Amino acid sequence: MPAKGRPTSLVHGLLIVVLALLSMLDAVPLTTQARPGCVATKFADPDEPTRWLESCGRVDPRGDPEQVARQVIAEQIGKLSLSADSSNLSLLAVQKSPTVTHVRFSQLHKGVPVYLGQILVQYDASGVVQLINNHTRPNLNVDVTPKID
């Protein structure tokens, strides 16, 4: 008869451990900043800025999407080769769905949009920053003064 009681005790003990672990997950704040350990998964040319970052931490999905995305970008500025204050980024679009939010910026150089210079931040409804897709151009040194030939 004692053998029947043991499996029940074991299941009960495991259930307590699982519930304790789940309660710890709820204690993790959604406002945890994007971690510097983002994984560069595509286009990893050492002479070019990182084009694709994945697994960049968590954000508060209830925040203003533009501000949330700018914070994520600011924390990855070194990998993305952008200016520290992101003043060269202009909001293009915010697309929200029940499962994911996309925030897209256009790159500016001296106030002029850079052709195809864009960056996209994607995070899910729980705040996991899934990716940063970077197609900006680093170190631009182009005169944008209009001239008539």
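Modeller: The model is predicted, so local features need pLDDT of at least 70, side-chain atom pairs count only at pLDDT 80 or more, and totals for chains, interfaces and linings use all residues. Residues are numbered from 1 along each chain as its sequence is written, and side-chain values use heavy atoms, without hydrogens and water.

Colleague: What makes the contact of Asp60 and Arg62 a salt bridge?

Modeller: The rule asks for a side-chain nitrogen of Lys or Arg within 4 Å of a carboxyl oxygen of Asp or Glu. For Asp60 and Arg62 the N to O distance is 2.9 Å. Therefore the pair qualifies.

Colleague: Why is Arg62 called exposed?

Modeller: Exposed means over 50% relative accessible area, buried under 20%, partly exposed in between (1.4 Å probe, protein chains only). Arg62 has 67%, so Arg62 counts as exposed.

Colleague: Why is Arg70 called buried, and why is Glu66 called partly exposed?

Modeller: Arg70 is at 17%, so Arg70 counts as buried. Glu66 is at 21%, so Glu66 counts as partly exposed. These two form a salt bridge at 3.1 Å. Both lie in helix H2 (residues 65-75), 4 residues apart, about one turn of the helix.

Colleague: How do you know that strands E3 and E4 pair?

Modeller: Pairing needs at least two DSSP bridges between two strands. Strands are DSSP runs of E, at least two residues, and helices are runs of H or I, at least four, numbered from the N terminus. E3 (residues 89-96) and E4 (residues 100-109) have 7 bridges, in the antiparallel sense. Therefore they pair.
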